[in-house]
Amino acid sequence: MEEHGLCSTETPAGNKASFRETSLSGQESHVPSSEVLEAIENVIQGVVQSLAQKKAPVLTVANRTDWRNIEFKDSVGLQMIPGCTSKQIRSDCPQSAKRFALMLKILSMIYKMVQSNTYATKRDIYYSDTQLFGSQSVVDQIINDISCMLKIPRRSLHVLATTKGFVAGNLSFTEEDGTKVNCTCSATAVTVPSNVQGIKTGLNTKDLNSHAKFILIVEKDATFQRLLDDDFFNKVSPCIMITGRGIPDLNTRLLVRKLWDSFQIPIFSLMDADPHGVEIMCVYKYGSVSMSFEAHHLTVPSVKWLGLLPSDLKRLNICRDALIPFTKQDENKLASIQKRPYIASQPLWKKELEIMATSKLKAEIQVLTSLSSDYLSSVYLPNKLQF
């Protein structure tokens, strides 16, 4: 079967080449270096054995982006099913031979980093040979495929994601190298650490400490900065604010999950009232299809949709002229979200999405400034956060 330019043979569930049935859990989120090296050696050994038998070597990876391989669990979110279908990246097929070679190249780089206890970002790997890899997205996809194939989280492969998220509020923590970080300064935000796994969470409360009453996930940087300027996290009650500045990177998602595991406090999301905002909230809460194999330590199913709700627009008498008409892309995105398995378990979400679909109008959080310049921090959020 040919897929996305690859010669790949789809392997049904139950076949011995299928995706291994153990899934990553929070307890397994750190894998010892010896196990990582052994897993890579096993892959290379398979390649060598194929060559010795005069067979074309293949690498078997799960179909990570196929909804048929995904199941929804309330307590976890979107996760890969145990016996999902897989595809083979063949070395003897013109369409996939280069990808096969690139996977071996990156496996080799990972092996050396684990051996020497050094780390690299995905960007570092791409820039080590831009002509060979062609694009950053190729590197990103291959690293995710390798992580899924080996059943080992990316952090344990010594590959770090470039961080773009910010955190602020009632939070202090100690990084792996002993650096102490205090997020309570209201003037500026702190960049989400590139090694969230390394944040110390021992018996010493100074390692990871907060008196926050809730966590607020903010979709966009502009809204986050406005709340910072308004000193919001000290006005209502102590809180932690986090933004992934759009679609969240892995480190931002890991930090939200780590804070949830550590403090068990309510988590609210503040998104635009549009399909893109809903999609981003779903990534935090339920995860994404492509990263479903790591759902157990990325998703936070307790996330609540605080706003901006489509029903808020009518309730607050937002002027119709301030709203934005749907594009065809918006319609398609919303229709896709409405069909997802987790929507059935969220009747209130379903109702809000129906309001959006009927009106075919969307709004950014900034629309609240049409009521007053500080309406978001002084009126809207305080009224919503009476929990």
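Predicted model: local features only at pLDDT ≥ 70, side-chain atom pairs only at ≥ 80, totals over all residues.
# A briefing on strand β15 and its surroundings

Strands β15 and β17 run parallel and are joined by four bridges.

- β15 and β17 belong to an open sheet of six strands, and its order is β13-β10-β16-β15-β17-β18.
- The pairing in this sheet is mixed.
- Which strands stand at the edges? They are β13 (190–191) and β18, and each has a single partner strand, so one side of each is left without a neighbour in the sheet.
- β15 is also joined to β16, by five bridges, and these two strands run parallel.
- For a pair to find in the 3D view, look at Ile217, which stands opposite Ile242 in β16.
- On the β17 side, Val218 has Leu270 as its bridge partner.
- β17 (residues 267–270) in turn runs parallel to β18, with three bridges between them.
- Here Phe268 stands opposite Lys304 in β18.

## How β15 is enclosed

- Is β15 largely enclosed or exposed? Five of its five residues are buried, so β15 is largely enclosed by the rest of the structure.
- Both faces of the strand are covered. Phe214, Leu216 and Val218 are buried on one side, while Ile215 and Ile217 are buried on the other.
- Helix α13 (residues 375–384) lies across β15 (214–218), β17 and β18.
- The direction of α13 is at about 145° to β18.

- Helix α9 (residues 275–286) and helix α11 (residues 328–338) have axes that come within 9 Å.
- Their axes cross at roughly 35°, and the crossing is left-handed.
- Which residues meet there? Pro275, Val278 and Glu279 in α9 meet Asp330, Lys333, Leu334 and Ile337 in α11.
- Sorted by class, this contact has four nonpolar, no polar and three charged residues.

## Salt bridges

- Side chains of opposite charge can pair when their charged atoms come close.
- How many salt bridges does the structure hold? There are 13.
- One of them joins Arg99 and Asp145, whose closest N and O atoms are 3.3 Å apart. This pair links distant parts of the chain, with Arg99 in helix α2 and Asp145 in helix α5, 46 residues apart.
- Arg99 counts as buried because its relative accessibility is 15%, under the 20% cut-off. Asp145 is buried too, at 4% relative accessibility.
- Asp221 forms another salt bridge, with Arg245, and here the closest N and O atoms are 4.0 Å apart. This pair also links distant parts of the chain: Asp221 is in helix α6 (residues 221–229), and Arg245 is in the loop between β16 (239–243) and α8 (250–263), 24 residues apart.
- Asp221 is partly exposed, with a relative accessible area of 24%. Arg245 is partly exposed as well, at 38%.
- Arg226 pairs with Asp230 in a salt bridge whose closest N and O atoms are 3.3 Å apart. Arg226 is partly exposed at 33% relative accessibility, whereas Asp230 is buried at 15%.
- Salt bridges also link Lys220, Asp272 and Glu364 in a network.

- Most residues other than glycine have a negative phi, and most peptide bonds are trans.
- Where is there a cis peptide bond? The bond from Gly307 to Leu308 is cis, with omega near -10°. Leu308 is found in the loop between β18 (304–307) and α10 (310–315).
- Asn117 is not a glycine, yet has a positive phi of about 55°. Asn117 sits in the loop between α2 (97–116) and β8 (120–121).
- Lys151 is not a glycine either, and has a positive phi of about 60°. Lys151 lies in the loop between α5 (136–150) and β9 (159–160).
- Are these two residues buried or exposed? Asn117 is exposed, with a relative accessible area of 54%, whereas Lys151 is buried, with 12%.

Conventions. Residues numbered from 1 in each chain as written. Heavy atoms only, no water. Buried < 20%, exposed > 50% of the residue type's maximum accessible area, 1.4 Å probe, protein only. Salt bridge = Lys/Arg side-chain N within 4 Å of Asp/Glu carboxyl O. Pairing = 2+ DSSP bridges. Contact = heavy atoms within 4.5 Å. Axes fitted to C-alpha atoms, helices over the stretch in contact; angles between N-to-C directions. Left-handed = near helix turned anticlockwise from the far one by under 90°. Nonpolar A, V, L, I, M, F, W, Y, C, P; charged D, E, K, R; others polar.
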